[in-house]
Amino acid sequence: MAKIVGGIGTSHVPSIGKAYDMGQQEEPDWKPVFDAYKPVQKWLAELKPDVAIVVYNDHGSSMFFDKYPTFAIGAAETYPIGDEGWGPRPLPDVPGNPDFSWHLAEELVYNEFDMTICQELSVEHGFLVPMNLCFPHEPSWPVKTVPIAINVIQHPLPTATRCYKLGQAIRQAVEACEDDLRVVIFGTGGMSHQLNGTRFGHLNTEFDNDFLDKIESDPIALTKLTHQDIMEDAGAEAVELIMWLTMRGALSDDLTRVHRNYYAPMTTGMGLIALEENA
Amino acid sequence: MATQRDKSKTIPGTTIFDGAESRKGYRINKFAMSFTKSENREAFTADEEAYMESWDLSDPERQFLRDRDYRGLIEECGGNIYMIMKLGTCTGHGLYHVGAQLRGQTFEEFMETRNASGAR
Ligand SMILES: [Fe+2]
């Protein structure tokens, strides 16, 4: 039986990818970000997952507002590196597991989560920054992936509760798979940030640290936040954090926190938490 | 059903990208999305006016583009920040340049407000 062995909540700030590609890992203002992922890389190397489910949003790479799905799932053999407007990043294409994707899609749809199924999907910073920070990838990636894209950029967005329930349904769907697969799930995006208006650059460290506390110990409290609550406190684009609830909904409450970090150098609170299933 | 947005209560200095903004911004966002193809970036760089002419854009949208007025594109034309960012490879203006404009500051003034501005 397939099982979920761990979950990771992480920001997916695009400038981290650019800094990585430019080899700025040791620069003083960047070093704290890159160093924070080293224990997580080590943990994942020991955990040896077969599949990573990555919950992210497409910021205009493979998806546009002509038809922007609320919930979508990748079901491709390979996910090419997308061009977001500055050329594709120099990373190897990311392998998928279409059998497992279709299994998840079937379970989710029959469980009343009506996913858009994508057989061609290029992946972008929302997906790639977490992957590139957490896994070695030269010459190839050590895991297969299932991208799950959530609309967190064009309101109306799904509610925080709905995102959490999607996570619960993902857990059931994983456990209904007869293949022996070890699965990790990523919830990505945020933390506090705003990229429009005169409030551009708004950060809320207190909110972010409280979110990091509660994603571990009291996710139900976070599901009660409305989009308005999150946007008022943590900035309009911080609403991406609802994707962390999908990750958390897919985990049990019998967890060990392996790692946690927070750093807010520029315009986004960069958070990281890694949770391992005890059973 | 819990109300997700309190539309009677605007958040100061904040534009929420919702249906109204997405309808208003559809033209400019579709134009900006075209920059995800290298041949379109090359066409814009080769001849901006001709490239803009090949798209359905309003006169104010074209003028904001010429002026590199990102505040205008976002706050007045319904531009979505993630789409507008795609113009950056051709205009040479990244997120923090756009952000400084939105705040009504110079790039340097904006950088002063950050915790560790080397991580840019
Ligand atoms: Fe994002």
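Which residues coordinate the iron ion?

## Iron site

A:His12 (NE2), A:His59 (NE2) and A:Glu240 (OE) coordinate the iron ion, at 1.8 to 2.2 Å. Donors here are N, O and S atoms within 2.8 Å of the metal (3.2 Å for Na, K and Ca); water is not among the atoms, so the site may look incomplete. The spacing of the donor residues in sequence is H-x46-H-x180-E. The two histidines link distant parts of chain A, 47 residues apart: A:His12 sits in the loop between strand E1 (3-10) and helix H1 (14-21), and A:His59 in the loop between strand E2 (51-56) and strand E3 (71-74). Helices (H or I, at least four residues) and strands (E, at least two) are DSSP runs, numbered from the N terminus.

Both A:His12 and A:His59 are buried. Buried means under 20% relative accessible area, exposed over 50%, and partly exposed in between (1.4 Å probe, protein chains only).

## Basis of the model

This is a predicted model, in which local features need pLDDT of at least 70 and side-chain atom pairs count only at pLDDT 80 or more, while totals for chains, interfaces and linings use all residues. Residues are numbered from 1 along each chain as its sequence is written, chains are lettered from A and ligands numbered from 1 in the order in which they are written, and side-chain values use heavy atoms, with hydrogens and water left out.

## Helix H4 of chain A

Helix H4 (residues 125-134) of chain A is largely enclosed by the rest of the structure, because ten of its ten residues are buried. Among them are A:His125, A:Phe127, A:Met131 and A:Cys134. At the N-terminal end, A:Glu124 caps H4(A), with a side-chain oxygen 2.6 Å from the backbone nitrogen of A:Gly126.

## Chain B

Chain B has ten helices and zero strands. Its C-alpha atoms fill a box of roughly 45 × 40 × 25 Å along the principal axes. Of its 120 residues, 48% count as buried. Among contacts (heavy atoms within 4.5 Å) in chain B between residues at least 6 apart in sequence, 49% join residues at least 24 apart.

B:Asp56 lies in the loop between helix H4 (48-53) and helix H5 (59-66) of chain B. This residue, B:Asp56, is exposed, with a relative accessible area of 58%. B:Asp56 and B:Arg27 are 29 residues apart in sequence, and their C-alpha atoms are 6.5 Å apart in space.

Methods. Polar contact = N/O pair within 3.5 Å; in protein donor to acceptor, adjacent residues only side chain to side chain.
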